[in-house]
Amino acid sequence: YATGGVFRPNQAIDGSDDGMSTASVDFSGTDEMSVFAGVTKLSDANTAAVVSYNGTANASAEMFAPRGTGANGDFAFSHRTTTVQEAGNGTIVLAPVTAVLTGLSDLSAPSVQLRRNGSVVQTNTTAIAANNYTSGTIRIGHRSSTLFLNGRIYSLIVLGRTATAAEIAATEAWVNSRTGAY
């Protein structure tokens, strides 16, 4: 319900027990993933997952808003094989804040990148064991029964490959048209 301005349809998540899950999604044929999300985080009280593919298992990918707690309230995107590789916002971005987040993952290269509002904020190329993704559940607004987001998700796109530069620009513009972050 909007009393003025623009109403942007969203999934409101209360930070305690809300979230959604898919049936198992088979990404076993790829070692790459692109995740696009329009999100508002309303609290920095606890680490929260915007989207989690396979949680803490090997061959997983997760987007956080916030990563860390309190004064460490930034955004992050991570993937893991036997160890975690993460790209973070690098600066404190305290709630409430709305952003278009893009996470790009290549488990074999290895490289994980976080983009915020159309710009690269960090790329991490620290070595990890090469692997493909597996079949797993995509959880929206939480990781399993933990890390619940206190905020809103306006759009979410998960792609089983690395998007091209043109696809990234077009998708971020589309996500922002539904999010209003920048």
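Visitor: What sits over the ring of phenylalanine 75, and how far is it from the centre?
Guide: This is a predicted model, and in it the charged end of lysine 41 lies over that ring of phenylalanine 75, at 5.1 Å from the centre.

Visitor: What makes phenylalanine 27 and tyrosine 53 an aromatic pair, and why is the pair called edge-to-face?
Guide: Two aromatic pairs are counted under the rule. For phenylalanine 27 and tyrosine 53 the centres are 5.2 Å apart and the planes make 75 degrees; pairing requires centres within 6.5 Å and edge-to-face requires over 60 degrees, so both labels follow. Phenylalanine 27 belongs to the loop between β3 (25–26) and β4, tyrosine 53 to strand β5, and the two are 26 residues apart. Both phenylalanine 27 and tyrosine 53 are buried, a word that stands for under 20% relative accessible area.

Visitor: What lines the largest cavity, and which strand gives the most to the lining?
Guide: The search of the whole structure finds one cavity of 30 Å³ or more, and about 40 Å³ of space lies in the largest cavity. Its lining consists of Met33, Val35, Val51, Ser52, Tyr53, Ala61, Glu62, Ile138 and Val158. Strand β5 gives the most, with three residues, while β4 (32–41), β5 (49–53) and β6 (60–67) each supply at least two. By class the lining has seven nonpolar, one polar and one charged residues; Glu counts as charged, so Glu62 is the charged residue of this lining.

Visitor: Why are β2 and β8 called edge strands?
Guide: The open sheet of six strands runs in the order β2-β13-β5-β6-β7-β8, with antiparallel pairing. The strands β2 (20–21) and β8 (84–88) each pair on one side only. Two bridges join β2 to β13 (residues 138–140), and the rule for pairing asks for at least two bridges, so β2 and β13 count as paired. Within β13, isoleucine 140 stands opposite methionine 20.

Visitor: How do you know that β9 and β10 pair, and what joins β10 to β11?
Guide: Strands β9 (residues 97–106) and β10 (residues 111–116) are antiparallel over six bridges, and since at least two bridges are needed, they therefore count as paired. Leucine 101 has arginine 116 in β10 as its bridge partner, and β9 and β10 form a hairpin with four residues between them. Strands β10 and β11 pair in the antiparallel sense over five bridges, with glutamine 113 opposite threonine 123 in β11. The hairpin of β10 and β11 has two residues between the strands, and in it asparagine 117 takes a positive phi near 50 degrees.

Notes:
Residues are numbered from 1 along each chain as its sequence is written. This is a predicted model: local features need pLDDT of at least 70, side-chain atom pairs count only at pLDDT 80 or more; totals for chains, interfaces and linings use all residues. Side-chain values use heavy atoms; hydrogens and water are left out. On a 1 Å grid over the protein atoms alone, a cavity is a set of points where a 1.4 Å probe fits but cannot get out, and a pocket is an open set with protein on both sides within 12 Å along at least five of seven lines; lining residues have an atom within 4 Å of a point. Grid points are joined across faces, edges and corners, and a volume is the space filled by probe spheres set on the points. Rings of Phe, Tyr and Trp (its six-membered ring) pair if their centres lie within 6.5 Å; planes under 30 degrees apart count as stacked, over 60 as edge-to-face and the rest as tilted. Buried means under 20% relative accessible area, exposed over 50%, partly exposed in between (1.4 Å probe, protein chains only). A charge sits over a ring if NZ of Lys or CZ of Arg is within 6 Å of the ring centre and within 35 degrees of the ring normal.
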